[in-house]
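My notes follow in the order of the look-ups.

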Amino acid sequence: MTNLRIPGPTPCPPEVLAAMGRQMINHRGGEFQKTVLSVTDKLKKLFLTQNDVFLLTSSGTGGLEAAIVNSFSPGDKVLAVSIGVFGDRLANIAKTFGADVTTLKFEWGKAANTSAIKTALDKDPSIKAVMVTHNETSTGVTNDLKAISETIKPYDKLFVVDAISSIGSIALPVDEWGVDVMITGAQKSWMVPPGIAMVALSEKAWKANAAAKIPRFYWDFAKSKKYLANGGQTPWTPAVSVILALDVSLNMMLNEGLDNIIARHIKLGKMTREGIKSFGLKLFADEAYASNTVTAVLGSDGLDPKTLNKIMREEYDIVLSGGQMDLDGKIFRIGHLGWVNEKDIEAVLGALKYALPKAGFTGGK
Ligand SMILES: *Cc1c(COP(=O)(O)O)cnc(C)c1O
C-alpha cells in the first residue's frame, strides 16, 4: 500500500472507508439526523468547546470563506497574522470580500511574534478581528496560539483561527484559548476523505454574524444553526458519505483519547525531526516552533527536493509533498497527522537513507 505522507488528504482506516462505501440514506431522515447530532457532539468533545459546531460541505478553504463572510462587513478592519501560504490565503479571502486587511507578515519558517501583534493592535484601535493560522502547513511551523490568545485577550477582538491542520492532532482547547471562530477540515487530523469543513462559533462570533453585511447565501451560519436545531439537519444536501465516515473516525478518536492522540503526534513529530537531522538535513522551520503534523525539510547540500519526491514515489511507494509558492523546489514536506504510527515514519526514514544520495544529497556522513 502506498505510504501517503502528505499533510492531507491523509490515509483513512478501513472502518472509515467501509462507511464511505455505504448505500445512500435520506439526508432529511431519522438515521442521518441522529448521525449529524452525534458527530457534532463528538466534535465538541475533541474541540474542547461548548460553542456551536457546524458541518459545512466543502474543503477547508470553503470553511475559511464561510468564516469571513459570516463575520465581517465590507470596510471592517482586520489584522491578518501570516507566517506562510495559508496565512496569506486567509488574508486574501478577507480582502476579496472587501475587508480592510492589515497583514502582519513574518519570515517563512518562523512563528508569529506576540509583541509585534500587540504593537499592531495598539497602533490601530479600530481593528475588529485578528486572524491567525494555528499550524502553517506550508512551512511546518506551529504558532504559539496560547500566547497569541493571551496577548489579544485584553483587546477584546474577534479571534478567527485557521486550525485546519492542527486541531485533532495538536492541542487547541477552543474555549480555554478564547477562539471565536475556529475552522478545520475533514481530510487533515480527522482520518476521513475530503469534503467536510467544521467550524466552532462563540457568542462573540454570533454577535459579529448579526452585524456582518458581506452577502452570503450558501455559507450562512444562521441557516446552519436553524437547521441543526431542527433535529440535526444541514441547510443543503451535505457530503453524506463523509459525515458517515466521520462518525466512525470520531469514535476511534474518542477511544484513543484526545490526550493520547496529541501525545502520539508529539512523539511522531520529534521522531521525524530527529531522523531528518541525523541525515545532516536541515529543518526549514525554527525548531522551537516545529509542527507535530508536518515537517518541512530544506533542499541543502545538492539535494533537489523534486527529484527526491519522484524517487520516493517511484521506487519506494512513499508520497511526500513539495513546497508551495515561493518554496516550490526548495523544500520537501512529510505529513505525519491523522492515521499514522511509528512504522509509517520508520518507513519514510528508511527509504530516505537510500533516496537522498540518489537525489544529489552530499551532506551528512
Ligand atoms: C489544508 C489547509 C488549508 C486548505 O484546505 P483545503 O481543504 O485544501 O481547502 C487551509 N489552511 C491550512 C492550515 C491547511 O493545512
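**Entry 1: the ligand**

I began with the backbone and found an N or O atom of Gly60 at 2.8 Å from an oxygen atom of the ligand. The model is predicted, and I read every distance here with that in mind. I then turned to side chains. Gln187 has a polar side-chain atom 2.7 Å from a ligand oxygen. For Lys188, an N or O atom of the side chain is 2.7 Å from an oxygen atom of the ligand.

Next I looked up how much of the ligand is covered. On its own the ligand exposes 380 Å², and the protein buries 88% of that. Which elements give two or more residues to the shell around the ligand? I noted helix H3 (60–71) and helix H4 (85–96).

I also wanted the count. The ligand is surrounded by 13 residues, and the closest are Ser59, Thr61, Thr137, Gln187 and Lys188. Sorted by class, the shell holds eight polar, three charged and two nonpolar residues.

Lys188 came up again when I checked charges over rings. The charged end of Lys188 sits over the ring of Phe86, 5.7 Å from the ring centre.

**Entry 2: ring pairs**

I searched the whole structure for aromatic pairs and got five. I wrote down two of these in detail.

Phe54 and Trp206 have ring centres 6.0 Å apart and planes at 80 degrees; planes over 60 degrees apart count as edge-to-face, so I logged this pair as edge-to-face. Phe54 is in strand S2 (residues 52–57) and Trp206 is in helix H7 (residues 203–211), so the pair ties together parts 152 residues apart in sequence. Are these two residues buried or exposed? Both Phe54 and Trp206 are buried.

For Phe217 and Trp236 the ring centres are 5.4 Å apart and the planes are at 25 degrees; planes under 30 degrees apart count as stacked, so this pair is stacked. Phe217 is in the loop between H7 and helix H8 (221–229), while Trp236 is in the loop between H8 and helix H9 (240–256), so the pair ties together parts 19 residues apart in sequence.

Phe217 counts as exposed because its relative accessibility is 58%. Trp236 has a relative accessibility of 25%, so I put it down as partly exposed.

I followed the ring pairs onward from there. They link Phe217, Tyr218, Trp219 and Trp236 into a cluster. Phe217 also has a charge over its face: Lys223 lies there, at 4.1 Å from the ring centre.

**Entry 3: backbone**

I kept the general rule in view: most residues other than glycine have a negative phi, and most peptide bonds are trans. I then listed what departs from it.

Gly8 and Pro9 are joined by a cis peptide bond, with omega about -5 degrees. I placed Pro9 in the loop between strand S1 (3–4) and helix H1 (14–20).

Asp301 is not a glycine, yet its phi is positive, about 50 degrees. I found Asp301 in the loop between strand S11 (294–298) and helix H11 (305–316). Asp301 has 35% relative accessibility, so it counts as partly exposed.

Met325, also not a glycine, has a positive phi of about 50 degrees. Met325 sits in the loop between strand S12 (318–319) and strand S13 (331–335). With 63% relative accessibility, Met325 counts as exposed.

**Entry 4: two loop residues**

I looked up Ser138 and placed it in the loop between strand S6 (135–136) and strand S7 (141–142). Its relative accessibility is 0%, so Ser138 counts as buried. What does the side chain of Ser138 make a polar contact with? I noted the side chain of Glu136, at 2.6 Å. A polar atom of the Ser138 side chain also lies 3.1 Å from the backbone nitrogen of Val85.

Last, I looked up Leu48, which is in the loop between helix H2 (30–47) and S2. Leu48 is partly exposed, with a relative accessible area of 44%. Leu48 and Leu172 are 124 residues apart in sequence, and their C-alpha atoms are 7.9 Å apart in space.

Note on methods. Residues are numbered from 1 along each chain as its sequence is written. This is a predicted model: local features need pLDDT of at least 70, side-chain atom pairs count only at pLDDT 80 or more; totals for chains, interfaces and linings use all residues. Side-chain values use heavy atoms; hydrogens and water are left out. A residue is near a molecule or strand if one of its heavy atoms lies within 4 Å of it. A polar contact is a pair of N or O atoms within 3.5 Å; within protein, one must be able to donate a hydrogen and the other to accept it, and residues adjacent in sequence count only if both atoms are side-chain atoms. Accessible areas come from the Shrake-Rupley method with a 1.4 Å probe; for residues, only the protein chains shown count as cover. Helices (H or I, at least four residues) and strands (E, at least two) are DSSP runs, numbered from the N terminus. Ala, Val, Leu, Ile, Met, Phe, Trp, Tyr, Cys and Pro count as nonpolar, Asp, Glu, Lys and Arg as charged, and the others, Gly among them, as polar. Rings of Phe, Tyr and Trp (its six-membered ring) pair if their centres lie within 6.5 Å; planes under 30 degrees apart count as stacked, over 60 as edge-to-face and the rest as tilted. Buried means under 20% relative accessible area, exposed over 50%, partly exposed in between (1.4 Å probe, protein chains only). A charge sits over a ring if NZ of Lys or CZ of Arg is within 6 Å of the ring centre and within 35 degrees of the ring normal.
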